[in-house]
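I'm going through one model today and jotting down what I look up as I go.

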Amino acid sequence: MLRIYCKNTGTFREFQEGTTLLEMVDEFDFEKPYRIISAKVNNVSEGLKFRVFNNRDVEFLDYRSYSGRNVYCRSLCFLLYKAARDIFPGCKIVMRRPISKGYYCRIDKGDGTVLSNADIDRIRERMRSIVDKDIQFRRHDVQMSEAIGLFRDLGMHDKVKLLETCGEVYINYYTLGDTADYYYDVLVPSSGYLQVWDICSFHEGLLLRVPDRHHPLELAPFKEQPKTFGVFEETLRWNRIMGLDNVGDVNKACGGGKAGDLIQIAEALQEKKIVQIAEEIDSRYRSDSPARIVLITGPTSSGKSTFCKRLSVQLMACGLKPISFSTDDYFVNRLDTPRLPDGSFDFDNFDTVDHDMLQKDVLRLLAGEEVEVPEYNFVTGIREYNGRRLRLEPGSILLIEGIHALNPKLTDKVEASEKFKIFINTITSISLDDHNCIPTSDNRLLRRIVRDYNKGAFSARETISNWPNVRRAEVKWIYPYQEEADVLFNSAYLIEFAVLRNHAESILRTVPKNCPEYSEAHRLLQFLHYFIPVSDKDIPQTSFMRYFIG
């Protein structure tokens, strides 16, 4: 017999060795408002078919958990793939990225015709049929050579390239009925678990809609994001310029000695975009309704400070005189900072910034006055005035950078025509393979883990622990204004994960196995293992990456 400690109940129960998590879950009495779809065993994500042979701690998860959502959505992708292949044998489906509260997918039917609404209806009907039949997702543990041979025979060369470069001896792949596919983490036990979803026409493909994270029995509300989609399409064009579509392509190129070239091209493309933005600002500045303020925002670790510096250089090349400050310098004194329900400081709250004082200073600058701007002392938690004075002279333009820079309340007394708004994000355009999207926030989380650790600010465990609070604050305070920006800039780096691997792996291994944060550290370590590590020696000092890796 083995002894299982259930974190959901805080109790122990005994089971026969080899009992599955699925067989255990009903033996523990705790509130289950939504169906359990996965679990963590000793803080490592596992599917419900996982068999336990030793004493373990187990935490059962539903869709509301980050890990549970990933399991569910990953399984939905397989469901869509199988249904599409059943309707259009030999078709190719590419899961491009999460967007508009769903997953954007492209389907090449293989007959030269465009995907129609009638086609989407047929795929939806087939997906529902597979769900109703409650077909098992079966996991197969095989030698790498066998898996590579299987996917080569199926014409899935994206997976072949990924598996050939990941360096493993054995690998797991899945089947759903007679359809085989590879996913880098666990799935739900069977198709019957996938009750809430839909598909609809979206741009030149379709959108796989998923449940709402807070209300799993309802679809997440659709949100149109045309500017975000445009940046994503632009980044895909950049990838095509470099001949790269997935991680297997990147690994092949890096293994062939082309990492330095990829870095230079990526830097050149980003600089080209910054030049275009500077020229657009210059045009607006010299128009009949001149833009005199540039507002720069983005979520944490998106590269706001670096972007502000690089944009300033290009604005000077246009003949302008940029002056800048950060909204962080207008933080209220720490004792006046809003607090979270648990009593800790809510540093991402809009009221963390003294927006009344900031706007008064902005209006004085626009009126031609000289203004002494503060500097926030993060050690003492006090806003200080140290003699830094600014004035908008002829040819000057003001840059304001910070997470709340696009919040309308920050500059609501400034004429809209005087403001040029920029939103910086890290939109990961590359995927592991055609069916495995990279989670949208992983590069920012890894950037922050490396930066916090190297600067001695926080351990990897502390950064991971605080990440859910950071993400919730971004959803509330930052992302609502993304589509209102004049320009969106993507700071994601095509081979970023390959560079970060050298820095992040040793840091992630410092997270103890006996803490909840180990689950995320373990997932990130597994994920980074797919990338051939690349030295940062060719990363220039002005790169967005330099701020994070040192």
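Is asparagine 70 buried or exposed? I find it buried, since its relative accessible area is 18%, and buried means under 20%, exposed over 50%, partly exposed in between (1.4 Å probe, protein chains only). Asparagine 70 is in helix H2; helices (H or I, at least four residues) and strands (E, at least two) are DSSP runs, numbered from the N terminus.

**Ground rules**

I'm working on a predicted model, where local features need pLDDT of at least 70, side-chain atom pairs count only at pLDDT 80 or more, and totals for chains, interfaces and linings use all residues. Residues are numbered from 1 along each chain as its sequence is written, and side-chain values use heavy atoms, with hydrogens and water left out.

**Whole chain**

I get 15 helices and 23 strands for the protein. Along the principal axes, the C-alpha atoms fill a box of roughly 75 × 60 × 45 Å. Of the 550 residues, 57% count as buried. Contact means heavy atoms within 4.5 Å; among contacts between residues at least 6 apart in sequence, 74% join residues at least 24 apart.

**The five-strand sheet**

I looked next at an open sheet with mixed pairing and the strand order S2-S1-S7-S4-S5. Strands S2 (11–15) and S5 (44–46) stand at the edges with a single partner strand each, so one side of each has no neighbour in the sheet. From one strand to the next, the twist averages 35 degrees. Helix H2 packs on this sheet, touching S4 (38–41), S5 and S7, and its direction makes about 130 degrees with that of S4. For angles, axes are lines fitted to C-alpha atoms, for helices over the stretch in contact, and values run from 0 to 180 degrees between N-to-C directions.

Two strands pair if DSSP finds at least two bridges between them. S1 (residues 2–6) and S7 (residues 56–61) have three bridges in the parallel sense. Tyrosine 5 has aspartate 57 in S7 as its bridge partner.

**The four-strand sheet**

Here the order is S8-S9-S14-S13, open and antiparallel. S8 (92–99) and S13 (198–202) are the edge strands, each pairing on one side only. Strands S9 (residues 102–108) and S14 (residues 205–209) share four antiparallel bridges, and I see cysteine 105 standing opposite leucine 206 in S14.

Which helices lie across this sheet's strands? Helix H3 (residues 117–133) lies across S9, S13 and S14, at about 165 degrees to S13. Helix H6 lies across S8, S9 and S13, at about 130 degrees to S8.

**Threonine 228**

Threonine 228 is in H6 (residues 226–241) and counts as buried at 4% relative accessibility. Its side chain makes a polar contact of 2.7 Å with that of glutamate 483. A polar contact is a pair of N or O atoms within 3.5 Å; within protein, one must be able to donate a hydrogen and the other to accept it, and residues adjacent in sequence count only if both atoms are side-chain atoms. Beyond neighbours within four places in sequence, threonine 228 has contacts including Arg97, Ile99 and Leu488.

**Lysine 304**

Lysine 304 lies in helix H9 (residues 304–317). Buried or exposed? I noted 10% relative accessibility, which counts as buried. A polar atom of its side chain lies 3.1 Å from the backbone oxygen of proline 299. Lysine 304 and isoleucine 424 are 120 residues apart in sequence but 6.7 Å apart in space, C-alpha to C-alpha.

**Cores**

A nonpolar core is a set of buried Ala, Val, Leu, Ile, Met, Phe, Trp, Tyr and Cys residues joined through side-chain atoms within 4.5 Å. The largest has 122 residues, and Phe60, Leu80, Ile123, Ile495 and Leu508 have the most contacts inside it. H2 (residues 66–87) gives the most to this core, with twelve residues. Another core, of 41 residues, lies apart from it, with Tyr376 and Val414 among its members.
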